[in-house]
Amino acid sequence: MLMEQTPAQSHTEQVHIIMKSDINGAGRLFGGRLMEWIDVVAGVAARRHCHCNVTTACIDNLVFKAAAYCGDVVVLKGRVTFVGSTSMEVRVDTFVEGLDGSQEMINRAYLVMVALDEEEKPTQVPPLRLDTPEDREEWATGQKRNDLRRERRRLSY
């Protein structure tokens with residue numbers, strides 16, 4: 001029997017200082033670089049939840065809210081918000097951190113990760129224990145996103 005895990009147990013944080021090699025032609029953080037970082041954070045959070053290897057099934061939602069620039073400190077925070085039988089939804093929030101420690105959100109992404117067994121086949125994931133109102137709210141919206149993903153697959157779009 002798989003042991004329940006809380007969203008807090010999957011919490012993952014990654015910090016970067018944006019370098020010139022991370023900048024696009026318009027002088028801002030290249031979206032593809034941020035997507036790479038988001039995928040890594042989601043993968044670590046999912047692995048922490050299921051204790052096995054994972055693969056990215058989809059990036060369900062990726063919303064750029066503000067820009068980041070060379071020299072900015074960027075903090076990515078991820079955690080599992082919803083689970084199915086072999087998949088996990090992971091929310092990754094990205095912030096620019098000021099010198100005073102304040103954080104302004106610049107991106108929110110939801111990714112679906114699939115747990116893999118030793119033969120790289122989908123395998124069951126532990127249930128998610130929802131201890132806080134925030135955890136329960138995320139689960140409810142995660143269920144809605146999961147239903148929408150199923151409907152899009154059914155309609156082939």
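Which element gives the most to the lining of the largest pocket? Helix α2 does, with four residues. The views below start from the whole fold and return to that pocket.

This is a predicted model, in which local features need pLDDT of at least 70, side-chain atom pairs count only at pLDDT 80 or more, and totals for chains, interfaces and linings use all residues. Residues are numbered from 1 along each chain as its sequence is written, and side-chain values use heavy atoms, with hydrogens and water left out.

**View 1. The whole fold has two helices and five strands.** From the N terminus the order is β-α-β-β-β-β-α. The radius of gyration is 16 Å, close to the 15 Å that the globule rule gives for 157 residues, so the protein is as compact as a globular protein of that length. That radius is taken over C-alpha atoms, and the globule rule is 2.2 Å times the number of residues to the power 0.38. Helices (H or I, at least four residues) and strands (E, at least two) are DSSP runs, numbered from the N terminus. The C-alpha trace spans about 45 × 35 × 30 Å along its principal axes. Buried residues make up 39% of the 157 residues. Here buried means under 20% relative accessible area, exposed over 50%, and partly exposed in between (1.4 Å probe, protein chains only). Of the contacts with a separation of 6 or more, 71% join residues 24 or more positions apart. A contact means heavy atoms within 4.5 Å.

**View 2. The largest pocket has a volume of about 220 Å³.** Its lining holds 15 residues. S87, V112, N146, R150 and R153 lie nearest the centre. β3 (73–83), β4 (87–97), β5 (103–116) and α2 (133–155) each supply at least two lining residues. The lining divides into six nonpolar, five polar and four charged residues. Ala, Val, Leu, Ile, Met, Phe, Trp, Tyr, Cys and Pro count as nonpolar, Asp, Glu, Lys and Arg as charged, and the others, Gly among them, as polar. On a 1 Å grid over the protein atoms alone, a pocket is an open set of points where a 1.4 Å probe fits, with protein on both sides within 12 Å along at least five of seven lines; lining residues have an atom within 4 Å of a point. Points are joined across faces, edges and corners, and the volume is the space filled by probe spheres set on them.

**View 3. R145 is a buried residue of helix α2.** Its relative accessible area is 14%. Leaving out residues up to four places away in sequence, R145 touches D60, T81, E89, Y110 and E138.

View 4. With the same exclusion, I106 contacts V63, F64, K65, A66, A67, A68, T94, F95 and V96. The C-alpha atoms of T94 and C58 are separated by 18 Å, at 36 residues apart along the chain.

**View 5. T6 sits in the segment before β1 (12–17).** T6 is buried, with a relative accessible area of 9%. Outside four places in sequence, T6 touches L128, R129 and D131.

**View 6. H51 and E120 have a positive phi of about 60 degrees, although neither is a glycine.** H51 is in the loop between α1 (31–50) and β2 (53–64). It is exposed, with a relative accessible area of 58%. E120 is in the loop between β5 and α2. At 61% relative accessibility, E120 is exposed too.

**View 7. The cysteines form zero disulfides.** The nearest cysteine sulfur to that of C50 belongs to C52, 3.3 Å away. A disulfide needs a pair of cysteine sulfur atoms within 2.5 Å. C50 is buried at 9% relative accessibility. C70 is partly exposed, at 42%.
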